[in-house]
Amino acid sequence: MLVVEDDALVQSWIRLALERTEFRLAGVASSAAEAQELVERRTPDLLLVDYRLPDGVGTELVRRLRQQGLMLPAMMMTANLEAGFNEAAREAGAQGSVLKSGSIDELLSGLRAVAAGEEAFDGRHPEPPPGQGVL
Amino acid sequence: MTAENCHDDPGEMISELAHDLKTPIAAIKGFAELLRVRDDDATRQEASVQILEGATRLSDAVDELLEAFLVDPQLAAGLARARAKGARAE
């Protein structure tokens, strides 16, 4: 799997959390541009993408990859609860979302579901208010 | 978030602040949980280093927040009053 996350602390936590699990890191990208390159070069079979990236938003990265025909499962990650986040993630082509809550169980169960072809969106994100579009 | 741009868009500032505070908090919680469920030396070593790093970042983020509020004279005065009150209580 490829992790797209620019925060070094979160990168370290994810690396350590994934040790001794079935997930093998193909790489860690710190930007959308780096992620694009690594997806093409290392052909991961799963993505974990932070929403806030230094060169854009993670949902746009996923959207671009889908437009390029790259359909590997993708899970979005964010620190804040945001109304409409799940809808935006789904609309961009992601299969799940996880909060940066520090819970290893939440991270792993979400990744396992998405890797298995299921949807796994964190229900704590509120729906968007009526009449308001996704993020 | 910087003191210079903190009032350009208060909503964006709050969102950025929440992100800057929550990210190291999540990492600290995550490393603490790893310490709880794993008992190997390598995990203990890395987790403890990263928890300290996260705490330092949180402290720095709070300092930046205070600096950002000091740009506004009213907020600066309010902060000074709060500090004086705290000093009297001690």
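Guide: Of the 90 residues in chain B, 29% are buried. Keep in mind that this is a predicted model.

Visitor: How many helices and strands does chain B have?
Guide: Chain B has three helices and zero strands. Read from the N terminus, the order of its elements is α-α-α.

Visitor: And what share of the contacts in chain B is between residues 24 or more positions apart?
Guide: Counting contacts with a separation of 6 or more, 52% are between residues 24 or more positions apart.

Visitor: Now the two chains together. How many residues of chain B are in contact with chain A?
Guide: On the chain B side there are 24 residues, and they are in contact with 18 residues of chain A. The area buried between the two chains is about 1900 Å², and carbon and sulfur atoms give 54% of that area.

Visitor: Which residues of chain B lose the most area to chain A?
Guide: Those are B:H19, B:E33 and B:R38, which together make up 28% of what the chain B side buries.

Visitor: How many salt bridges are there between the chains?
Guide: Between chain B and chain A the count is two. One of the residues forming a salt bridge is B:R57, with A:D7 as its partner. Their closest N and O atoms are 2.6 Å apart.

Visitor: Which helices of chain B supply the side that touches chain A?
Guide: Helices α1 (10–37) and α2 (41–70) each supply at least two residues. The largest share, 16 residues, comes from α1(B). By class, the side of chain B that touches chain A has ten charged, seven polar and seven nonpolar residues.

Visitor: Let me pick one residue. Where is B:T23, and is it buried or exposed?
Guide: B:T23 is in helix α1 of chain B. Its relative accessibility is 1%, so B:T23 counts as buried; the cut-off for buried is under 20%.

Visitor: What lies 2.9 Å from a polar atom of its side chain?
Guide: The backbone oxygen of B:H19 does. Leaving aside neighbours within four places in sequence, B:T23 is in contact with A:D7, A:V10, A:A79, A:K100 and B:R57.

Visitor: What about A:A79, where is that?
Guide: A:A79 is in the loop between β6 (74–78) and α4 of chain A. A:A79 counts as buried because its relative accessibility is 6%. Apart from neighbours within four places in sequence, A:A79 is in contact with A:L99, A:K100, B:H19, B:K22 and B:T23.

Visitor: Change of topic. How many aromatic pairs does the structure hold?
Guide: Over all chains, one. The ring centres of A:Y51 and A:F85 are 5.3 Å apart and the planes are at 80°, so the pair is edge-to-face.

Visitor: Where do the two residues of the pair sit in the chain?
Guide: A:Y51 is in the loop between β3 (47–50) and β4 (52–53), and A:F85 is in helix α4 (residues 85–92). The two are 34 residues apart, and the pair links distant parts of the chain.

Visitor: Is A:Y51 buried or exposed, and what about A:F85?
Guide: A:Y51 counts as buried at 14% relative accessibility. A:F85 is buried too, with a relative accessible area of 0%.

How values were computed:
Residues numbered from 1 in each chain as written. Chains lettered and ligands numbered in written order. Predicted model: local features only at pLDDT ≥ 70, side-chain atom pairs only at ≥ 80, totals over all residues. Heavy atoms only, no water. Contact = heavy atoms within 4.5 Å. Buried area = accessible area lost by both parts, 1.4 Å probe. Salt bridge = Lys/Arg side-chain N within 4 Å of Asp/Glu carboxyl O. Helix = DSSP H or I, 4+ residues; strand = E, 2+ residues; numbered from the N terminus. Nonpolar A, V, L, I, M, F, W, Y, C, P; charged D, E, K, R; others polar. Phe/Tyr/Trp six-rings, centres within 6.5 Å; stacked < 30°, edge-to-face > 60°. Buried < 20%, exposed > 50% of the residue type's maximum accessible area, 1.4 Å probe, protein only. Polar contact = N/O pair within 3.5 Å; in protein donor to acceptor, adjacent residues only side chain to side chain.
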